[in-house]
Amino acid sequence: MSENFLSIIAQDKVYPIIRSKEADRALEIAKALIAGGIRVLEINVENPSIYGVIEEVSKLATVCAGGIITATQADNAIKCGAKLFASPIYQMSLVKISKNIQIPFIAGVSTANEAYEAWKARVPLIKMFPADAMGGVQYIENILRQMPFLHLLPTGSVKLEDVITYLIAGATAVGVGRDFYQGYTPDEITKRTKAILSDVNEYKKMLQGK
């Protein structure tokens, strides 16, 4: 299975997650994020109209179809151009689909035990959700202290201002949803995107200088 897309997520460190029942708004947000420099983003399949958004955005960037819990959803999203798919839960049926069709799967987990089981099933990137409710940065740090081999993607009410802190705690990348776009115009979303990517680049330079 090609993991180039997962490598991009790991490199860019910031992983936007779009949740909107309105297709027009989801498309508007996605375009604003891409204009700010985002290369991979997740679009949750809130309703069937979102498949059209995935198809359109896939022409501009790499799309991960989010909120996938059935084989039918995964199949529809991939037919529309999604190169990855993600779920808020961890289930072996989705792992098997991923292996069968050679499309990367980002599994959702909440506990250390679930994260370990997903790792044993060779899920390459594990979404820790809801990170905030489970203890936030400290929770991620505690899990990685015991299992540093895990590639964790904390999501769930994460603020842009907390991204670097999660990275310092050991997260492979950080998923940010509403804080990227809720209440903001497309121009403002693009500015916020450029700002966080700049902060992340400075963080990476600091690491390289150590």
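1. In this predicted model, helix α11 covers residues 186-209, and its length can be checked against its residue count: at 1.5 Å a residue, its 24 residues should span 34 Å, and because the C-alpha atoms at its ends lie 35 Å apart, the two values agree.

2. Several residues of α11 are buried, namely I189, T190, T193, I196, L197, V200 and Y203. The elements that cover these buried residues include helix α1 (4-12), strand β1 (14-18) and helix α2, together with α9 (163-169) and α10 (178-181).

3. The largest nonpolar core has 62 residues, and among its members L41, I54 and F85 touch the most others. Helix α2, which runs over residues 23-35, makes the greatest contribution to this core, giving six residues. Apart from this core lies another one, of 13 residues, including L6, I8, Y15 and A86. As a general background, nonpolar side chains in soluble globular proteins tend to be buried together.

4. For I54, the contacts can be listed by name: leaving aside residues up to four places away in sequence, I54 touches I43, V45, V63 and A65, and also A77, C80, G81 and A82.

How values were computed
Residues numbered from 1 in each chain as written. Predicted model: local features only at pLDDT ≥ 70, side-chain atom pairs only at ≥ 80, totals over all residues. Heavy atoms only, no water. Core = buried A, V, L, I, M, F, W, Y, C linked by side-chain atoms within 4.5 Å. Buried < 20%, exposed > 50% of the residue type's maximum accessible area, 1.4 Å probe, protein only. Helix = DSSP H or I, 4+ residues; strand = E, 2+ residues; numbered from the N terminus. Contact = heavy atoms within 4.5 Å. Expected span 1.5 Å × (residues − 1).
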